[in-house]
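The stops below can be selected in turn.

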Amino acid sequence: MPPTNRSAAVSRYGTAAGTGTLAVLVLVGVCGSPLYVGWAEDNTDPNGAGGWFMRLLAWPAWRLSSDDPGRGVLATDLRAILLVILAAALLYLLPASQVARVQGSFSQFFSGWGAYVLAAGLAALFSTLLGPDPSLLAALQAAGTGATYGFLSGWIIGTASLGGRA
């Protein structure tokens, strides 16, 4: 008979998708903030591995105002908004049946990581296609950059997803 009751220690934690979504909000909120983006541009070396990675974390940059009067705040922040929405949706949709069978397994880690890679690539693709001056070439190049960001930073989301229940 499969166990139906979760231990008290496991039930205290949130779901894997919920903790992953919270990590996405923190990662995009902190590393995409204008303060962090400015710090990364001014204080890191783009030719070193550490500086390059710190700049990569700033990829989903968002702003509270738009410098270009032709574009609104939504257009400038579309990539960050889509990243959060798509990551949350994929974290809830992708791992449910596989992760539910094996509590606390590495499948949660890889599901969270994979969901973030896919969300980042799709967010870049859609934000380029929906933004000003859309082109298929630019959208495909942006999707590659987004997937690179998701691959190299998605382990943070995977780690956050690891502890939750399915």
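**Start at Tyr-116**

Select Tyr-116: leaving out residues up to four places away in sequence, Tyr-116 touches Val-24, Leu-27, Val-28, Leu-83, Ala-87, Tyr-149, Gly-150, Ser-153, Gly-154 and Ile-157. Contact means heavy atoms within 4.5 Å. The model is predicted: local features need pLDDT of at least 70, side-chain atom pairs count only at pLDDT 80 or more, and totals for chains, interfaces and linings use all residues. Residues are numbered from 1 along each chain as its sequence is written, and side-chain values use heavy atoms, without hydrogens and water.

**The core**

Tyr-116 is among the residues with the most contacts inside the largest nonpolar core, which has 30 residues; Val-24, Leu-27, Leu-83, Tyr-149 and Ile-157 are the others named. Such a core is a set of buried Ala, Val, Leu, Ile, Met, Phe, Trp, Tyr and Cys residues joined through side-chain atoms within 4.5 Å, where buried means under 20% relative accessible area (1.4 Å probe, protein chains only). Next select helix H5 (73-93), which gives the largest share of this core, eight residues. Helices are DSSP runs (H or I, at least four residues), numbered from the N terminus.

**H2 against H8**

Show H2 (residues 16-31) and H8 (residues 136-162): their axes come within 8 Å and cross at roughly 130 degrees. Axes are lines fitted to C-alpha atoms over the stretch in contact, with angles from 0 to 180 degrees between N-to-C directions. Residues to pick in H2 include Val-24 and Leu-27, and in H8 Tyr-149 and Ile-157.

**H7 against H8**

Finish with H7 (residues 106-130), whose axis comes within 6 Å of that of H8, crossing at roughly 150 degrees. H7 and H8 are therefore roughly antiparallel (over 145 degrees).

Note on methods: Helix = DSSP H or I, 4+ residues; strand = E, 2+ residues; numbered from the N terminus. Parallel < 35°, antiparallel > 145°, perpendicular 65-115°, else oblique. Buried < 20%, exposed > 50% of the residue type's maximum accessible area, 1.4 Å probe, protein only.
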